[in-house]
Amino acid sequence: MAAPLGVFTAMQVTREDLNPCTVMLNVVCDADEVKEGFNKAFKQIAKKIKLPGFRPGHAPRAMLEGLVPKDELYESATQNIVSSSYSGALKEFELVPDQSTRPSVELKLIDQETSAAEYTIKVPLPPKITLGDYKGLPIQKPVVAVSDEEVDKQIEDFRKRRQQREAVTDRGVQEGDVAVVNVKLDGEEGPGRNFMTIAGQTFEQLDQALMGMQVEEMKNLEVTFPENFQEKDWAGQTHKIQVTVNSLSGVKLPDLDDAFAQSLKTESVEDLRTRVRDGIGRAKNDMLRELVAEQLMERLRERSEVFVSDNMWESVADRTRYDTEQQQSKEGKTLEAYAAEQGMTIEQLQEGWNKNAKLQVERALIIRDVFAAEKMQLTDRELQAELVNMANEYETEVEEMLKVLQKNDALNELHFRAISRKVADFLESVADATTVPA
């Protein structure tokens with residue numbers, strides 16, 4: 001006798017190889033398996049329902065039928081059906097999935113009345129890596145040098161952070177001064193309108209007029225206000241105006257002397273310059289190290305053959321998208337708005353995340369293989385040094401950084417960063433390096 005229309009009498013599985021490490025299975029479930037999945041789901045949910053006179057889960061099914069939420073029943077049944085049929089589908093094709101990566105499921109059909117269920121599942125297989133020759137990788141290393149101009153600029157930045165504003169009475173307006181000016185349209189009644197401006201940052205005609213003006217000095221001129229001028233009724237219009245400087249204040253920087261140097265916890269100006277030079281040198285060396293590590297990993301990736309499951313990098317890309325959405329939401333923006341700010345669509349953003357995620361995963365696997373091939377071991381000192389680096393990066397204390405990692409079960413990130421640093425240092429030590437100008 002033929003099975004009723006819409007009822008599948010035996011599990012049917014078809015296979016599609018997406019790449020060497022990703023297999024897509026299309027699973028049409030056995031009708032009995034679907035029934036069992038729904039029965040199990042019903043019992044699981046019924047245990048949580050309390051009826052007077054009955055222990056939880058022991059009331060007659062007929063009394064519970066209308067009390068079990070359909071959405072919850074179907075969700076639980078889907079989990080049961082996929083869980084029970086997945087292992088059988090794997091056995092049919094003798095697939096051994098990568099246990100470190102979760103498969104991804106897309107439900108195509110589930111119906112309790114016809115005992116029908118169908119889904120596709122993307123099965124991740126273990127990565128396949130053939131390391132290329134990782135010794136003698138060609139790289140270019142810029143020469144690190146710190147110029148006097150760079151030191152002077154950093155010290156000038158320190159002085160600007162300590163700058164003070166003071167009233168100016170003995171000179172005219174200079175660029176960067178804060179001036180309170182009154183602007184009055186020719187023929188207009190009343191006192192005019194007052195504005196606080198930074199000289200050189202208003203608009204060209206007004207900036208030119210203000211330069212050199214003294215406090216209480218007046219000047220008549222004709223200007224065309226910009227389209228984006230703050231006073232909307234003047235924006236884009238040409239008027240004859242009278243400008244008066246009501247008050248003026250300028251920036252006073254601290255003198256570059258030993259007292260200033262000591263306020264920055266150095267002994268003298270010479271000591272300050274030495275420390276600034278050393279600090280810039282360390283920063284440049286850190287950037288150089290990142291540049292060299294990037295070159296090394298790209299050269300080694302080109303020499304190697306690396307295949308990873310789609311599931312592995314898709315989970316990384318999904319996390320990036322989730323984190324970005326959360327951050328934008330805190331700022332009151334949508335992902336669409338964020339994409340537009342970058343001059344991109346969401347699809348283009350996702351494409352970039354996918355590409356970067358795949359690159360990260362492939363490089364991570366290459367790093368672990370080199371670490372294993374060279375029989376490397378991490379020392380407590382190396383882990384401690386990496387913890388210090390992470391604390392500096394996140395601008396927190398070492399103890400607090402450790403607590404955050406432990407709380408978020410992220411100590412593996414600390415280990416991997418230390419492994420990456422050790423592998424990069426090793427690859428650099430055996431690289432074919434060419435020195436180039438900075």
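Asp-425 is partly exposed, with a relative accessible area of 39%, where buried denotes under 20% relative accessible area, exposed over 50%, and partly exposed the range in between, for a 1.4 Å probe and protein chains only. The structure is a predicted model, in which local features need pLDDT of at least 70 and side-chain atom pairs count only at pLDDT 80 or more, whereas totals for chains, interfaces and linings use all residues. Residues are numbered from 1 along each chain as its sequence is written, and side-chain values use heavy atoms, with hydrogens and water left out.

The side chain of Asp-425 meets that of Arg-289 in a salt bridge, with an N to O distance of 3.6 Å; a salt bridge is taken as a side-chain nitrogen of Lys or Arg within 4 Å of a carboxyl oxygen of Asp or Glu. This pair links distant parts of the chain, since Arg-289 belongs to helix H7 (residues 269–303) and Asp-425 to helix H13 (residues 411–429), 136 residues apart; helices (H or I, at least four residues) and strands (E, at least two) are DSSP runs numbered from the N terminus. Arg-289 is likewise partly exposed, at a relative accessible area of 23%.

A further salt bridge joins Arg-363 and Glu-294, whose closest N and O atoms are 3.0 Å apart. Here too distant parts of the chain are linked, with Arg-363 in helix H10 (residues 346–373) and Glu-294 in helix H7, 69 residues apart. Arg-363 is buried, with a relative accessible area of 12%, whereas Glu-294 is partly exposed at 42%. Both residues take part in a network of salt bridges that also includes Glu-298, Arg-301, Lys-358 and Glu-362. In the pair formed by Glu-331 and Lys-333, the N to O distance is 3.5 Å, and the two residues are partly exposed, with relative accessibility of 44% for Glu-331 and 26% for Lys-333. Over the whole structure, the search finds 29 salt bridges.

The corresponding search for disulfides, defined as pairs of cysteine sulfur atoms within 2.5 Å, finds zero. Cys-21 is buried at 0% relative accessibility, and Cys-29 is also buried, with a relative accessible area of 0%.

Four strands form an open sheet in the order E1-E2-E4-E3, with antiparallel pairing, two strands being paired if DSSP finds at least two bridges between them. Strands E1 (12–19) and E3 (104–111) stand at the edges, each with a single partner strand, so one side of each is left without a neighbour in the sheet. From one strand to the next, the twist averages 10°, angles running from 0 to 180 degrees between N-to-C directions and axes being lines fitted to C-alpha atoms, for helices over the stretch in contact. E1 pairs with strand E2 (residues 22–28) in the antiparallel sense over seven bridges, and Asn-19 stands opposite Thr-22 in E2.

Helix H3 (residues 70–92) lies across E1, E2, E3 and strand E4 (116–124), running at about 60° to E4. Helix H8 (residues 310–330) also packs on the sheet and touches E1, E2, E3 and E4, its direction making about 90° with that of E4.

Helix H11 (residues 380–393) packs against H13 at an angle of about 105°, with their axes 9 Å apart. The two helices, H11 and H13, are therefore roughly perpendicular to each other, a class that spans 65 to 115 degrees, with angles under 35 degrees counted as roughly parallel, over 145 as roughly antiparallel and the rest as oblique.

Key. Contact = heavy atoms within 4.5 Å.
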